Amino acid sequence: MGFAGRTAGPDKPSTAHNLPVLPMCTRLPLSSHHLCCGNSRLSHQQSCSTAEFAKAGIPAEVTQQVLKQYKHYLNWDVETKLRPALQSWLQELGTEQLSQQLQKVRRLLVCKPEECSEVYSWLMSKGVNAARVQQKAPVVMTREIRAVQSTFEALQQAAAFSDAQMCTLFHRHFEALTFGPEHNFGTLRAVSTMLGMSMTSKSFREVILAANDKSFGISPVTLHQRVTFFCQMYATGTHVARTAITLGVFKTPEAVMQSRAAKLQQQLGWDNEQLKQKLSALPSILNSEPSTIACNVQALQAAGFSQTQVWAMCTQQPALLGRKWTSDTNIEKLQFLTLLLGLSLDEIAARPQLLLYSVNSLLGPRVWFMYQTGAIEAPSTVMTSGLFSYTWCSRVLFSKRFSAPSALPSMVFDSAFIDHWKRRWEFLRRHMKLSVETIAAHQDLLLASLPGRLTPRWQLLSRIATEQAAFKAEDHLTALATLSDQDFYCKFHVEGDMQRDFRV
């Protein structure tokens, strides 16, 4: 009699478990064969599955990861399910891409290529950047299309997002498409409760669109608890909740927040009130490991700032604590400020906000624009020109001052500056083999034309150095950078054909 036959009637207790139980002493030990047969079947199935992945050209280490993290494949019949799935995806992607996608999306084989294409096409039809969603959250493409549509429609209806806003929403919050309506509604409700805003209000939509990109990837309950804890412990006002959501403080557990806050006070000497002020302005500091912050502080000191200066700078601009000052970008930023603009470390320490601005998208283009248009004689004079504050002011103010809205720092000026800076810097450091200190002492080198002056003149000086043992090319850097062509070639007694060879 099967289990169904033992099911109790509506007015009778179940007898499904009324089986005879033998005393422990009378039970016979099971043979090792019975204990292992289940494992043997599992091992055999895993071997067959592994072999099938190998036939498809999937590397053994990838196969091992996939089968470990998505064990459902082990229950698939090889001939009727696993092999057809692998073959259909091989035809769609090829071996290399299939291997890469399986590492990103373990459950890829659950759906068919045409089903993924259907989801992709539907998102495109709604104006969503489907390529970005596929790159950032590829699992979305393996969901049933109706599930994706349900998520999309529920979110749009809950907060009254426009079609354009939905595109913006999923550009940042692509993870929302991996969840169902209930999870996403819980996230919206949690934010609405914490901020005291209606979910259909304009201000609420602005908050959600600007919120940290992990907002939908965390449990709504956890999101609410962590933001609430942060605000109770460190906020200077109710407005801080919005900042905390935007900057993603909820990524850090409560106990870790406390530990890191205490470490910050210890490292920087902040009292409780200072701690609240700094964390309210920049909650994301608590997302950084204390060891990372310590390394960043040490790197600033290694760059030449005193410990007192570093503490003052980080107190004024807490965001400096989260910057990796040994990265190429930040090393170049310090070189730009000191070498090209001629600022001393003391002058930078008095204006720590300079270290937060991008050289490529703000400081560089604006300085280059002012130099190119004659507003300043040279980049190194911007500090004394009375125009220094315009290097980081608002776009509106910059446009008003220079009466050139069409010539605001744009990609044209970005490209010109980046080319100017990087090519010369590489030539000076690698080809001429000059030290940073030497370049700092001869800043005119950074303004000289590379093909028109630096290259031919350095070639000439190098040639003279090979012919005259006592001659050192690096002793004539000022002449190389500043003299007119006539004076330069006259100084080094270059005449006739040689002079013509080195002139532009």
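This is a predicted model: local features need pLDDT of at least 70, side-chain atom pairs count only at pLDDT 80 or more; totals for chains, interfaces and linings use all residues.
Trainee: Fine by me. How many helices and strands does the protein have?

Mentor: There are 26 helices and 0 strands.

Trainee: What share of the contacts between residues at least 6 apart in sequence joins residues at least 24 apart?

Mentor: That share is 66%. A contact here means heavy atoms within 4.5 Å.

Trainee: Let's get specific. Why does Ser-215 count as buried?

Mentor: Its relative accessibility is 4%. The cut-off is under 20%, so Ser-215 counts as buried. You'll find Ser-215 in the loop between α10 (202-210) and α11 (220-234).

Trainee: What does the side chain of Ser-215 reach?

Mentor: The side chain of Ser-215 reaches the backbone oxygen of Asn-212, at 2.6 Å. The limit for a polar contact is 3.5 Å between N or O atoms, and 2.6 Å is within it.

Trainee: And which residues is Ser-215 in contact with, leaving aside its neighbours within four places in sequence?

Mentor: His-173, Thr-187, Leu-223, Ile-245 and Phe-250. Two of those names come back when we look at how α9 meets α11.

Trainee: Then let's do the helices. What makes α9 and α11 roughly parallel to each other?

Mentor: Their axes cross at roughly 20° and come within 8 Å. Angles under 35 degrees count as roughly parallel, so α9 and α11 get that label. The crossing of α9 past α11 is right-handed.

Trainee: Which residues make the contact?

Mentor: From α9 you have His-183, Gly-186, Thr-187, Ala-190, Val-191, Thr-193 and Met-194. From α11 come Pro-220, Leu-223, His-224, Val-227 and Thr-228. By class, the α9 and α11 contact has 6 nonpolar, 6 polar and no charged residues.

Trainee: How do you know that α9 and α10 are oblique to each other?

Mentor: Helix α9 (residues 181-195) and α10 pack at about 120°, with axes 11 Å apart. Roughly perpendicular runs from 65 to 115 degrees, and roughly antiparallel starts over 145. An angle of about 120° falls between those ranges, so the pair is oblique. The crossing of α9 and α10 is right-handed.

Trainee: Which residues of α9 and α10 make that contact?

Mentor: Leu-188, Val-191, Ser-192 and Leu-195 do it from α9, while α10 brings Phe-204, Val-207 and Ile-208. Sorted by class, you get 6 nonpolar, 1 polar and no charged residues.

Trainee: Now α3 and α4. Why is α3 called roughly perpendicular to α4?

Mentor: The axes of helix α3 (residues 78-93) and α4 cross at roughly 115° and come within 7 Å. The roughly perpendicular range runs from 65 to 115 degrees, so α3 counts as roughly perpendicular to α4. Their crossing is right-handed.

Trainee: Which residues in α3 meet which in α4?

Mentor: In α3 you have Leu-86, Trp-89, Leu-90 and Leu-93, and they meet Thr-95, Gln-97, Leu-98 and Gln-101 in α4. That contact divides into 5 nonpolar, 3 polar and no charged residues.

Trainee: What makes Leu-109 count as buried?

Mentor: Leu-109 has 3% relative accessibility, and under 20% is the rule, so buried it is. Leu-109 sits in the loop between α4 (95-104) and α5 (113-125). Not counting residues up to four places away in sequence, Leu-109 touches Phe-53, Tyr-73, Trp-76, Leu-82, Ala-85, Leu-86, Trp-89 and Leu-102. Take Leu-82: 27 residues away from Leu-109 in sequence, yet 7.9 Å apart in space, C-alpha to C-alpha.

Trainee: Last ones. How do you know that Leu-320 counts as buried?

Mentor: Its relative accessibility is 0%, against a cut-off of under 20%, so Leu-320 is buried. Leu-320 lies in the loop between α16 (307-316) and α17 (328-340). Residues in contact with Leu-320, beyond four places in sequence, are Met-313, Cys-314, Trp-325, Pro-352, Leu-355 and Leu-356.

Trainee: And why is Val-148 called buried?

Mentor: Val-148 has a relative accessible area of 1%; under 20% is what's needed, so the label holds. Val-148 is in helix α7 (residues 145-159), and among the residues Val-148 touches are Val-119, Trp-122 and Leu-177.

Methods: Residues are numbered from 1 along each chain as its sequence is written. Side-chain values use heavy atoms; hydrogens and water are left out. Helices (H or I, at least four residues) and strands (E, at least two) are DSSP runs, numbered from the N terminus. Buried means under 20% relative accessible area, exposed over 50%, partly exposed in between (1.4 Å probe, protein chains only). A polar contact is a pair of N or O atoms within 3.5 Å; within protein, one must be able to donate a hydrogen and the other to accept it, and residues adjacent in sequence count only if both atoms are side-chain atoms. Axes are lines fitted to C-alpha atoms, for helices over the stretch in contact, and angles run from 0 to 180 degrees between N-to-C directions. A crossing is left-handed if the near helix is turned anticlockwise from the far one by less than a right angle, and right-handed if clockwise. Ala, Val, Leu, Ile, Met, Phe, Trp, Tyr, Cys and Pro count as nonpolar, Asp, Glu, Lys and Arg as charged, and the others, Gly among them, as polar.
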